[in-house]
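Please read the following note with the sequence and the model side by side. The points are numbered so that each may be checked in turn.

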Amino acid sequence: QVQLVESGGGLVQAGGSLRLSCAASGRTFNRYAMGWFRQAPGKEREFVAAINSSGGSTYYADSVKGRFTISRDNAKNTGYLQMDKLKPEDTAVYYCTARVQKYYSPTEYRTRAGYDYWGQGTQVTVSS
């Protein structure tokens, strides 16, 4: 089992940057694929980015491609989401999530229902 704790959220002006961190408990973090989802008020939770257990494959929502970068440091049991060129529409609660690494299609990486472990979320607010 994995416990996830996000940090790094906050208030930033449009065009600015933030880096979110996701600290994972346990010694087997390198056996889990990791993802980030976000949920804005009144909206469904949506996929943002995902990375496989080794860090060799990454996946992004079209809305963040070219602006956000997902990465991980398995030695530190930590995942990251670097967010650049932030827009007001990026305002949301951002959730870190994980699932045991198996073969997944790109679509499966983007599917919320397949993830087993979730953090409590961190608020990101982008002002215009």
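1. The side chains of Lys-65 and Asp-62 form a salt bridge, with 3.4 Å from N to O. A salt bridge here is a side-chain nitrogen of Lys or Arg within 4 Å of a carboxyl oxygen of Asp or Glu. Asp-62 counts as exposed because its relative accessibility is 65%. The terms of exposure are as follows: buried means under 20% relative accessible area, exposed means over 50%, and partly exposed lies in between, computed with a 1.4 Å probe on protein chains only.

2. A word on the basis of these values. The model is predicted, so that local features need pLDDT of at least 70 and side-chain atom pairs count only at pLDDT 80 or more, whereas totals for chains, interfaces and linings use all residues. Residues are numbered from 1 along each chain as its sequence is written, and side-chain values use heavy atoms, with hydrogens and water left out.

3. The count of salt bridges comes to four. Side chains of opposite charge can pair when their charged atoms come close. Arg-38 meets Glu-46 at 2.7 Å, N to O, and Arg-38 also meets Asp-90 at 2.9 Å, N to O. Asp-90 lies in the loop between S8 and S9 and Arg-38 in strand S4, so this pair ties together parts that are 52 residues apart in sequence. Strands (E, at least two residues) and helices (H or I, at least four) are DSSP runs numbered from the N terminus.

4. Which residues do salt bridges with shared partners join into one network? They are Arg-38, Glu-46, Arg-67 and Asp-90. Arg-38 counts as buried because its relative accessibility is 6%, and Asp-90 is buried at 1%. Glu-46 counts as partly exposed, at 38%.

5. The largest nonpolar core has 37 residues, of which Trp-36, Val-48, Phe-68, Ile-70, Leu-81, Met-83 and Tyr-94 touch the most other members. Strands that each supply at least two residues of this core include S4 (32–39), S7 (68–73) and S9 (92–100). Such a core is a set of buried Ala, Val, Leu, Ile, Met, Phe, Trp, Tyr and Cys residues joined through side-chain atoms within 4.5 Å.

6. Phe-68 deserves a separate look. Leaving aside neighbours within four places in sequence, Phe-68 is in contact (heavy atoms within 4.5 Å) with residues that include Arg-38, Val-48, Leu-81, Asp-90 and Tyr-94.

7. The structure holds seven aromatic pairs. Rings of Phe, Tyr and Trp (its six-membered ring) pair if their centres lie within 6.5 Å; planes under 30 degrees apart count as stacked, over 60 as edge-to-face and the rest as tilted. Tyr-59 and Tyr-109 are stacked, at 4.3 Å centre to centre with 20° between the planes. Tyr-59 belongs to strand S6 and Tyr-109 to helix H1 (residues 106–109), 50 residues apart. Both Tyr-59 and Tyr-109 are buried.

8. Tyr-115 and Trp-118 form an edge-to-face pair, at 6.4 Å centre to centre and 70° between the planes. Tyr-115 counts as buried at 5% relative accessibility, while Trp-118 is partly exposed at 27%. Ring pairs link Phe-37, Phe-47, Tyr-115 and Trp-118 into a cluster.
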